[in-house]
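Visitor: I have some questions about this model before I set anything up. Can we go through it together?
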Amino acid sequence: MTERIAVIGAGQMGNGIAHVFAHAGFEVTMIDVADAALEKGRATIVKNLERQIKKALMEEKDKVEILGRLKTSTSMEDVKGADLVIEAATENRDLKFRIFQDIDRLADVGAVLATNTSSISITEIAAKTKRAESVIGMHFMNPVPVMQLVEIIRGLATSDATTARVVTWCQLLDKTPVEVNDFPGFVANRILMPMINEAVFCVMDGVGTPEAIDTVMKLGMNHPMGPLALADLIGLDTCLAILEVLHDGLGDSKYRPCPLLRKYVAAGWLGRKSGRGFYTY
Ligand code: NAD
């Protein structure tokens with residue numbers, strides 16, 4: 001029987017997650033608060049599928065089949081019937097807590113409830129539900145159709161059965177799951193965000209231009225992208241939210257977000273998604 005997935009949030013991560021599951025043969029429902037967000041998410045999937053056709057990685061008929069497996073909805077009621085619900089809404093604790101209370105009320109008994117959060121405690125999110133054993137972190141990387149890793153984060157109460165199901169789903173997507181424990185920022189962002197933050201301090205202190213800083217890291221450290229270009233790709237609002245979680249959760253001043261990052265976010269300079277960040281798009 002075809003397995004069904006519901007993805008909450010049609011932003012850059014939500015539409016990427018919906019894309020890879022539909023591509024792997026799952027029936028997918030993508031849920032967002034506004035029709036405009038759903039239309040934009042679906043249009044991104046179409047554009048990415050067309051790119052794969054141009055590269056001869058798939059045919060037109062595959063695109064039609066994949067899109068045939070993808071539904072969109074503005075109603076949370078549509079998590080009903082899903083074997084796996086993946087939340088990929090904006091990185092905000094209270095929002096995620098509310099969404100998990102709704103999912104807990106609506107999702108089928110036995111469904112796995114996953115979050116794509118970059119940093120918020122899986123244990124705390126799980127505690128908002130009456131089925132903490134079924135709650136787990138499935139942290140996909142951006143862009144989802146391209147990146148190999150899924151960081152799997154077990155909350156304190158996550159069961160072995162839930163973890164095993166999620167590992168199997170990742171393998172069906174041809175991705176590599178890596179299991180880690182619940183701690184602020186997990187592994188990926190605990191290590192990545194201090195580097196991005198330090199690059200922003202270098203801009204603020206006038207140590208170098210964004211281009212110079214990124215070139216040093218690309219050519220000097222063999223990073224495929226500089227930290228500031230990567231911050232623009234992730235979204236500066238998301239970077240700030242993750243740094244706040246690291247700072248609050250670990251209580252060490254080394255995680256304090258750079259004031260220039262706060263200023264950019266306050267100005268609405270969020271990176272690629274708003275057309276301007278450390279670079280203009
Ligand atoms: P985004 O801003 O592109 O998209 C967020 C989406 O959530 C928007 O479409 C918004 O309308 C929707 N949303 C907000 N409230 C909602 C609700 N109540 N119900 C349904 N949808 C709602 O953000 P993003 O970059 O896709 O990030 C989403 C999540 O993925 C965050 O938790 C983020 O930390 C995580 N994440 C992001 C990256 C990255 O590189 N951007 C990487 C890994 C994980």
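Visitor: Which domains does the shell around the ligand draw on?
Guide: In this predicted model, domain 1 (4-181) and domain 2 (189-274) each give at least three residues to the shell around the ligand.

Visitor: How many residues surround the ligand?
Guide: There are 26 residues around the ligand. The closest are Asp32, Glu91, Lys96, Ser118 and Ile234.

Visitor: What's the split into nonpolar, polar and charged in that shell?
Guide: The shell residues divide into 12 nonpolar, 10 polar and 4 charged.

Visitor: And which helices and strands supply at least two residues of the shell?
Guide: Helix H1 (12-23), helix H4 (93-106) and strand S6 (135-140) each do. The largest share comes from H4, with 3 residues.

Visitor: Which side chains have an N or O atom by a ligand oxygen?
Guide: Ser118 has a side-chain N or O atom 2.6 Å from an oxygen atom of the ligand. For Lys96, a side-chain N or O atom is 2.8 Å from a ligand oxygen. Lys273 also places a polar side-chain atom 3.3 Å from an oxygen atom of the ligand.

Visitor: How much of the ligand's accessible area does the protein cover?
Guide: On its own the ligand has 830 Å² of accessible area, and the protein covers 86% of that.

Visitor: Back to Lys96. Where is it placed?
Guide: Lys96 is in helix H4, the element with the largest share of the shell around the ligand.

Visitor: Buried or exposed?
Guide: Lys96 has a relative accessible area of 1%, so it counts as buried, the cut-off being under 20%.

Visitor: Which backbone oxygen does its side chain reach?
Guide: The side chain of Lys96 reaches the backbone oxygen of Ala89, at 2.9 Å.

Visitor: What else is Lys96 in contact with?
Guide: Leaving aside neighbours within four places in sequence, Lys96 is in contact with Glu87, Ala89, Thr90, Glu91, Thr115, Thr117, Ile120 and Ile125. Glu91 is also listed among the closest residues to the ligand.

Visitor: New topic, the two domains. How far apart are their C-alpha centres?
Guide: The C-alpha centres of domain 1 and domain 2 lie 26 Å apart.

Visitor: And how many residues are in contact between them?
Guide: On the domain 1 side 7 residues are in contact with 8 residues of domain 2.

Visitor: Now backbone geometry. Where is there a cis peptide bond?
Guide: A cis peptide bond joins Asn142 and Pro143, with omega about -5°. Pro143 sits in the loop between S6 and strand S7 (149-154). S6 is also one of the elements that supply at least two residues of the shell around the ligand.

Visitor: Why point that out?
Guide: Because most peptide bonds are trans, and most residues other than glycine have a negative phi.

Visitor: Which residues have a positive phi, then?
Guide: Ala56 is one of them, with a phi of about 65°. Phe186 is another residue other than glycine with a positive phi, near 55°.

Visitor: Where is Ala56 found, and is it buried or exposed?
Guide: Ala56 is in the loop between helix H2 (35-54) and helix H3 (60-68). Its relative accessibility is 66%, so Ala56 counts as exposed.

Visitor: And Phe186, buried or exposed?
Guide: Phe186 is buried, with a relative accessible area of 4%. Its place is in the loop between strand S8 (176-181) and helix H7 (188-204).

Terms used:
Residues are numbered from 1 along each chain as its sequence is written. This is a predicted model: local features need pLDDT of at least 70, side-chain atom pairs count only at pLDDT 80 or more; totals for chains, interfaces and linings use all residues. Side-chain values use heavy atoms; hydrogens and water are left out. A residue is near a molecule or strand if one of its heavy atoms lies within 4 Å of it. A polar contact is a pair of N or O atoms within 3.5 Å; within protein, one must be able to donate a hydrogen and the other to accept it, and residues adjacent in sequence count only if both atoms are side-chain atoms. Accessible areas come from the Shrake-Rupley method with a 1.4 Å probe; for residues, only the protein chains shown count as cover. Helices (H or I, at least four residues) and strands (E, at least two) are DSSP runs, numbered from the N terminus. Ala, Val, Leu, Ile, Met, Phe, Trp, Tyr, Cys and Pro count as nonpolar, Asp, Glu, Lys and Arg as charged, and the others, Gly among them, as polar. Domain bounds come from an automatic or database domain assignment. Buried means under 20% relative accessible area, exposed over 50%, partly exposed in between (1.4 Å probe, protein chains only). Contact means heavy atoms within 4.5 Å.
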